[in-house]
Number of protein chains: 2
Amino acid sequence: MELIDGKKAAAEIKQEIAAAVEKRVAEGKRRPHLAAILVGHDGGSETYVAHKIKACAECGFQSSLIRFESTPEEPLSQDELLAAVDKLNNDPDIDGFIVQLPLPRHIDENAVIEAINPEKDVDGFHPVNVGRQSLGLPCFHSATPAGIVELLARNGIATSGKRVVIVGRSNIVGKPLAAMLMQKGDRANATVTVCHSATPDLASVTRQADILVAALGRPGFVTADMVADGATVIDVGTTRVPDASRKTGFRLSGDVDFESVAPKCSFITPVPGGVGPMTICMLMKNTLLAAERAEEKK
Amino acid sequence: MELIDGKKAAAEIKQEIAAAVEKRVAEGKRRPHLAAILVGHDGGSETYVAHKIKACAECGFQSSLIRFESTPEEPLSQDELLAAVDKLNNDPDIDGFIVQLPLPRHIDENAVIEAINPEKDVDGFHPVNVGRQSLGLPCFHSATPAGIVELLARNGIATSGKRVVIVGRSNIVGKPLAAMLMQKGDRANATVTVCHSATPDLASVTRQADILVAALGRPGFVTADMVADGATVIDVGTTRVPDASRKTGFRLSGDVDFESVAPKCSFITPVPGGVGPMTICMLMKNTLLAAERAEEKK
């Protein structure tokens, strides 16, 4: 069994991006500039955005954080948020931006996502990018599935001709990863099955996987009986589980019962330190790509 | 074994649409109006467009055919075609339109498709519609996969909790059908596998299907050994095979070896008369939907 080290891969990728940025700067080009809109003070969102801003610094990017307060008493209006999106769409200094999700319930997330200029949608959540991804056209791939594809490639795990089984059909992991891996091409070309809560006899399906991806958000859901000997297991779960022994009061738990599953695997990702660190990396890659495309358009 | 009669279902749907149109007209609303752009004189394209115009008449729609000549000596320029698309985008009298594919090779099909206003893209080929379909949002579903979903529903064949195996990963059938059937919801909720030319031991995968969809365009490819007893088989293939005994000089051949496969099935679609007639029907449904949405926006 070999552990897939997402932390190490992420560090390498950030170094590669930083080198590309310094090359750009030496050529007289601008540093890529990522902006993030954060509404309210959700604990998870604060942490994610802080990590993204930190990653920008590591990659030599400029970054901007645009904060909005929103309370039940004084909710941020959707129009105000859409105006902020529009401003970033039209700001030539911004290469890409994200609106950190989730948004307060009174705001229509889809309306906000669809308001983002697809050419600056470095999260890859806009329907144009989702659609172009499915069609096999150039796009921004959403970060978590792109991180999984990158992790597999960097660890020499081929996907072509392989059976991939994905458990979970979310819009940010299961569905876009399926779309990526069923394309033609070197890092794709897999036979992909998407399973979910309505799949009967799930274990009989997951046991067919050369590469099993668990992305349903249920701690320890995938057990040894669900995994074939020699399979590669990718654990996308990052559920916060209360843990009094930690300073933070919680620990991250994956969807895979690591103890029992790991001995059967050829490769497996740990949680934390597997897929997680790759996600922010791929956001950085998308931002660099956005800057390069903006440059080409000049 | 029960034969799925696509011709009968299509006739019923066209009657339903025609009734809805007459109700609209009685309410003082406009008839839905579909336009088709046809470039050159490809035999298949001429036939398809003629069928679409005829279906418009059956449904009580207005229709417009916009023809462009294009020869190797005097090719239609892409800009001219884009100007025609733009005109239809901005014509309030047109509810939906299609650009009949394939286009001459010197024209970038994707650029033309992306120029269509997604709200008039009744073929459902624009990335916005492909993306919204994947995300489970309101959209125009592309016609052939929508026709398959409709055929299954009208024949009482449940998809929820079923194993669906799709052979073929085209942008107009395999991928969008997978996206539709893996959603939550009554006419979806299936465990979907997409197979293709790179799938090893294909028969072992297709034999697991409760519902097997053949959409690869290779006549007679699916043989009895690839099908489980009691499966439902949907044959999307419509390859023109030379046949001197026919007036046209060809016959349509499906991807399924009907003679050997049919006896094993609970349900099977014939070719012709199965999925084929449904496709144009679903284009009509999309056009009616486009007219209704335009009405709501007024």
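Visitor: What does the secondary structure of chain A come to?
Guide: This is a predicted model, where local features need pLDDT of at least 70, side-chain atom pairs count only at pLDDT 80 or more, and totals for chains, interfaces and linings use all residues. Residues are numbered from 1 along each chain as its sequence is written, while chains are lettered from A and ligands numbered from 1 in the order in which they are written. Helices (H or I, at least four residues) and strands (E, at least two) are DSSP runs, numbered from the N terminus. Going by those runs, chain A has ten helices and eleven strands.

Visitor: What is the radius of gyration of chain A?
Guide: That radius is taken over C-alpha atoms, and the globule rule to hold it against is 2.2 Å times the number of residues to the power 0.38. For 298 residues the rule gives 19 Å, and chain A comes close to that, so it is as compact as a globular protein of that length. The radius of gyration of chain A is 19 Å.

Visitor: Is N189(A) buried or exposed?
Guide: N189(A) sits in the loop between helix 7 (174-181) and strand 6 (191-195) of chain A. A residue is buried if 20 or more other C-beta atoms lie within 10 Å of its own, exposed if 12 or fewer, and partly exposed in between, with C-beta atoms placed from the backbone. N189(A) has 21 C-beta neighbours inside 10 Å, so it counts as buried.

Visitor: And which phi does N189(A) have?
Guide: Most residues other than glycine have a negative phi. N189(A) is not a glycine, yet its phi is positive, at about 65°.

Visitor: Is D201(B) buried or exposed?
Guide: D201(B) belongs to the loop between strand 6 (191-195) and helix 8 (202-206) of chain B. D201(B) also has a positive phi, about 45°, although it is not a glycine. Its C-beta neighbours inside 10 Å come to 10, so D201(B) counts as exposed.
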